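Student: I have a protein model open on my screen. Please show me how to read its features, one at a time.

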Amino acid sequence: LGEIVLDVRSATVTYGGLRAVDNVDVQVRGGEIVGLIGPNGAGKTTLLDAISGFVPYEGSIMVSGVAIDDAAPHVRARSGLGRSWQSADLFRDLTVRENLLIASAPKADLFTLLEPVRLGAVGAGSEAIDATLARFGLEETAHRRPSELSLGRQKLVSIARALVAAPSVVLLDEPMAGLDDRMSKRLLNDINNIAGTGAAVLVIDHDTDF
């Protein structure tokens, strides 16, 4: 395994008098897959929210040796942090391809970025998008909107969006939920391949076989 890529120290999240995450340490090395398990309400997703910058926390978080505690979520994404969500949380007024386009070019102005794509021009990061769509078998759904897809397909789009920019840290929140056996096996292979590129993977799932 490689060096520590994700380094979480004494992470604590408090909502009023409720301590949802209590003094958690997590280190994930490049090429390593770490599973975070526990019952509903244990604070697993809240920890990912803290790492992603969506909730205030105490403690410190570093990505590739750089502290990101003062960084907004989009800045953390630019620093190499990719995230998928339990409920997919896709942009429902955009196509599958446009969802990946946003993630593949986070520094672009989205209004100027999306307009030529809608007109049929080749967008920024098109090669990475095409490769990621192919990896997840989403080529035929690239121009459809999330509402036209099954829950399983939406989850794949969410994961594809998290990976299209080749992040150094990948956070996956219940990726197997809503997937059939065929999709689950394919995704398991993909996650292993992601770690094989040297990325650090932190994953939550209730599928203990996975």
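Tutor: We will go from the whole chain down to single residues.

Tutor: First, some ground rules. This is a predicted model, so local features need pLDDT of at least 70, side-chain atom pairs count only at pLDDT 80 or more, and totals for chains, interfaces and linings use all residues. Residues are numbered from 1 along each chain as its sequence is written, and side-chain values use heavy atoms, with hydrogens and water left out.

Student: How many helices and strands does the protein chain have?

Tutor: Helices (H or I, at least four residues) and strands (E, at least two) are DSSP runs, numbered from the N terminus. The protein chain has seven helices and eight strands.

Student: What does the radius of gyration say about the protein chain?

Tutor: The radius is taken over C-alpha atoms, and the globule rule is 2.2 Å times the number of residues to the power 0.38. The radius of gyration here is 17 Å, close to the 17 Å that the rule gives for 210 residues, so the chain is as compact as a globular protein of that length. Along its principal axes, the C-alpha trace spans about 50 × 40 × 35 Å.

Student: What share of the residues is buried?

Tutor: Buried means under 20% relative accessible area, exposed means over 50%, and partly exposed is in between (1.4 Å probe, protein chains only). Buried residues make up 47% of the 210 residues in the protein chain.

Student: What about the accessible surface of the protein chain?

Tutor: Accessible areas come from the Shrake-Rupley method with a 1.4 Å probe; for residues, only the protein chains shown count as cover. The surface comes to about 10400 Å², and 51% of it belongs to carbon and sulfur atoms.

Student: Which share of contacts joins residues at least 24 apart?

Tutor: Contact means heavy atoms within 4.5 Å. Take the contacts between residues at least 6 apart in sequence: 68% of them join residues at least 24 apart.

Student: Now the charges. How many salt bridges does the structure hold?

Tutor: Side chains of opposite charge can pair when their charged atoms come close. A salt bridge is a side-chain nitrogen of Lys or Arg within 4 Å of a carboxyl oxygen of Asp or Glu. The structure holds six salt bridges.

Student: Which parts does the salt bridge of Asp 130 and Arg 97 tie together?

Tutor: Start with the distance: the two side chains meet at 2.7 Å, N to O. Asp 130 lies in helix α5 (residues 126-135) and Arg 97 in helix α3 (residues 96-104), so the pair ties together parts that are 33 residues apart in sequence. Arg 97 counts as buried at 16% relative accessibility. Asp 130 counts as partly exposed at 40%.

Student: Where else can I look?

Tutor: Arg 19 is partly exposed, at 48% relative accessibility. Asp 22 is partly exposed, at 48%. Then go to Glu 148 and Arg 144, whose closest N and O atoms are 3.8 Å apart. Glu 148 is partly exposed at 43%, and Arg 144 is partly exposed at 33%.

Student: Which residues are linked in a network of salt bridges?

Tutor: Asp 49, Arg 83 and Asp 173 are. Asp 49 lies in helix α1. Asp 49 is buried, with a relative accessible area of 14%. Leaving out residues up to four places away in sequence, Asp 49 touches Phe 54, Val 55, Arg 83 and Trp 85.

Student: How many aromatic pairs does a search of the whole structure find?

Tutor: Rings of Phe, Tyr and Trp (its six-membered ring) pair if their centres lie within 6.5 Å; planes under 30 degrees apart count as stacked, over 60 as edge-to-face and the rest as tilted. The search finds one pair. Phe 54 and Trp 85 form it edge-to-face, 5.3 Å centre to centre, with 70° between the planes. Phe 54 lies in the loop between α1 (44-52) and β4 (58-63), and Trp 85 in the loop between β6 (81-83) and α3, so the pair ties together parts that are 31 residues apart in sequence.

Student: What lies over the face of Trp 85?

Tutor: A charge sits over a ring if NZ of Lys or CZ of Arg is within 6 Å of the ring centre and within 35 degrees of the ring normal. Here Arg 83 lies over the face of Trp 85, at 3.7 Å from the ring centre.

Student: Last, the backbone. What is the phi of Ser 10?

Tutor: Most residues other than glycine have a negative phi. Ser 10 has a positive phi of about 55°. Ser 10 is found in strand β1 (residues 4-15). Ser 64 has a positive phi too, near 55°, and is found in the loop between β4 and β5 (66-67).
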